[in-house]
2 protein chains.
Amino acid sequence: MTKSRRRRPLPVPGWIALKRDGGELPDDAIRALINGAVAGAVPDYQVSALLMAIVWRGLSPRELATWMDAMIASGDRLQLDDIPGRKVDKHSTGGVGDKISICLAPLVAACGVPVPMMAGRALGHTGGTLDKLEAIPGMRTDLEPATFRRILRKTGLVLAGQSRRLVPADRLLYALRDATATVESIPLIASSILSKKVAEGTDALVMDVKVGIGAFLPSRAAARQLARTLIDLGRRAGLTVVALLTAMDQPLGQTVGNASEIAEAIDILRGGGPPDTRALTLRLGAEMLVQGKAARTIAEGTARIAAAIASGDGLDRLRRCVQLQGGDPRCIDDPTRLPTARHQTIWKAPRAGRLVRLDAGLIGRAATLLGAGRLRREDRVDPGVGITFHAKQGDALERGQPIATVHYSQKARLESARPLLAQAITVADEKPRRSPPLVLERLS
Amino acid sequence: MTKSRRRRPLPVPGWIALKRDGGELPDDAIRALINGAVAGAVPDYQVSALLMAIVWRGLSPRELATWMDAMIASGDRLQLDDIPGRKVDKHSTGGVGDKISICLAPLVAACGVPVPMMAGRALGHTGGTLDKLEAIPGMRTDLEPATFRRILRKTGLVLAGQSRRLVPADRLLYALRDATATVESIPLIASSILSKKVAEGTDALVMDVKVGIGAFLPSRAAARQLARTLIDLGRRAGLTVVALLTAMDQPLGQTVGNASEIAEAIDILRGGGPPDTRALTLRLGAEMLVQGKAARTIAEGTARIAAAIASGDGLDRLRRCVQLQGGDPRCIDDPTRLPTARHQTIWKAPRAGRLVRLDAGLIGRAATLLGAGRLRREDRVDPGVGITFHAKQGDALERGQPIATVHYSQKARLESARPLLAQAITVADEKPRRSPPLVLERLS
């Protein structure tokens, strides 16, 4: 009789116990766990227990690098070597009113640095660039790798969703983390972000790590730790990462909502737009140009981005990119063609005083309830709904002065959002204070 | 149009996050989680993430009481009120060579205290009373509630497995904990043990909490914490719990293996057997008699148990119980009728010296590899295999003197166990030391 060749089951409980007790997983174990999770050989309930143990105990730099490599190896990697120049992408940890990608990518491309941008969807209280882009009628973001490369080569930028063949391990892990309260882990966040960036083929990444009550990681210490982890992990994977910690206490700019944020991004490209959105676009753009070797200093980069706004080159790039991705380019020149909500109502100052609070976290949640975001992955977003602000934190207000316009399609949704808005917006007596800087810190 | 009545999903990720962050779960959440887990509404991957968060953060006394009540409410409760007297059970956290239940229950019953014992199976390196009992040809341990009650009424004891309708939540949670390295949690262990004891209808419980390298919780501090948790949790559920911490550094008695442990238990009932097995039987029996109001003091209880041995009443009870449960009663009077292994080999002292180590943990693992226990739940045990010891820790040995006889059925299994035995058994030069007491501590 020949010896039984029954395959031995993986010693997964032992590995989970090792991590639970604060130990370090061997590289082989990490690869077997990630591969097993993707192949279905390691069941979800073991993966989620391991994820909670990682939230608890963390991952060492060596474990994290192996973990990310195994995630990347679970799918395809895009080859962008035939596109000349250093490719530079930007990624934000997620904010409220953060439409920067939409104006930033065309401007950086206009300055000669290719931007192979793969963006995400709204989940939780923060918006998603893909949902914003799809407010443009016809715009497609699910691009085949060949199309992705072709558009990038033609226009210097591409604004796409993540291909299903790119890092399937992240899709699986992310869905599980979302359902099991294991999202909030620095190494898990870092590997989720960077695995996709490495796989998309970018050479450098400028990270916008949000800090404050509207951010995913509210504390500056946690944001800094994430930034450092991203920089170190990127270095191990051959990807240069620069991180800015930026304020996310109030929404960025004047608009929260998919179509209205596209309109604000177009305003920026036309030389207008709110000062904070413009300032952050210039700064992130300058960082990207430095990474892409198209500027030697931040000052020079800032000047080049400003010039690409003034010349209309940025707007032109966005128009061509939208057209190549199936979107209606007339929206770029006439944003009134973008979808609008059926109704609107004005949110007025209940008393005279200063706008002391415009809580980005609560406003993000209110916008989600209006239909701008998702409570569940399967929810559909409503492109026209959202909130437009007529004041920023620190502004003096008369009684009855409009603070915001709420664009809504269903009365019930407005009513569900109203208590959150009431809680988010505070008018009180207070001396004017200098508002904190938008860019808090730079790490590299 | 009527309002959609789509049932809202349970906010499970929020509850997991609450526990992850060290918060306390509301009672409603705990009940919804346990009920949802049993009904399949809360998927396994959420339950396992919660379990890992509980391993990390623990459960408060209030949370734990609600958790256990919800587990008990998931199934039936046995009614034993029609059986006169205070019912008393004994439970051990699991040791190596621990056959006490088999001689203890008949002795306590012989002294007039009913013992409704529901026991478990071998898993990991520790043995299981059910597997030992099933070494008796014909013996059945899966009893219907009516049969359980009838045998208990007739003989004063019953030695059964847990009915499938009793605490189904524990079966589900235990399988998940076993697969996700979330077994090692004091509140989860305590609720798993006590939920079944409350549901089986016992009035009091004597816990044998093992301490040492062969125990599930090796450290005395952890064992003490488990004992205190069991006592407090029992009090909240109306169940009196007394706990003894007992040494589990070397195997208990002389035998490890299913049939050979039955034989050792019979030896005890006949007035023989190894001193440690006898001593622990007397002490645990005395505690049970005090709980059952059949003795006022431990000394009086000990004398009564010793008398039940001397009179043969204990042996008679076991014989009747075995017969009523379908087992061959002739084995009780002639243990050579019990199954035996095909082969045996003598493990000899490699040198003269003192037996300084007889590591219960490693010996338990070796016995499991021989086939006495289970590596996986679906494994079948081999009743005849095991290890018989001819020396205990501290004994002086000549070179070549037999330390143990290994009973095996397959050569390959013997070979896989050999390195563990070599590691487990150490002979060295050492002064004789007083061996530590068997009963380390009593808590109530």
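**Cysteines**

I looked up Cys321(B) and found it buried, at 0% relative accessibility. Buried here means under 20% relative accessible area, exposed over 50%, and partly exposed in between (1.4 Å probe, protein chains only). I noted that this is a predicted model, where local features need pLDDT of at least 70, side-chain atom pairs count only at pLDDT 80 or more, and totals for chains, interfaces and linings use all residues. Residues are numbered from 1 along each chain as its sequence is written, chains are lettered from A and ligands numbered from 1 in the order in which they are written, and side-chain values use heavy atoms, with hydrogens and water left out.

Next I checked for disulfides (a pair of cysteine sulfur atoms within 2.5 Å). Cys321(B) is in none; the nearest cysteine sulfur, that of Cys103(B), is 13 Å away. Then I turned to Cys331(A). Its sulfur is 14 Å from the closest cysteine sulfur, in Cys321(A), so the two are too far apart for a bond. Cys331(A) is buried as well, with a relative accessible area of 1%.

**Between the chains**

Contact means heavy atoms within 4.5 Å.

I then looked up the buried area, the accessible area (1.4 Å probe) that two parts lose on being put together, summed over both. Between chain A and chain B the value is about 1,900 Å², and carbon and sulfur atoms give 67% of that.

I looked for salt bridges (a side-chain nitrogen of Lys or Arg within 4 Å of a carboxyl oxygen of Asp or Glu). The count between chain A and chain B is two. One salt bridge joins the side chains of Arg20(B) and Glu184(A), at 2.8 Å, N to O.

**Leu64(B)**

Last, I looked up Leu64(B), in helix 4 (residues 61-73) of chain B. Leu64(B) is buried, at 5% relative accessibility. Not counting residues up to four places away in sequence, Leu64(B) touches Leu59(B), Pro187(B), Ser191(B), Thr229(B) and Leu233(B). Gly156(B) is 92 residues from Leu64(B) in sequence and 32 Å away in space, C-alpha to C-alpha.

Notes: Helices (H or I, at least four residues) and strands (E, at least two) are DSSP runs, numbered from the N terminus.
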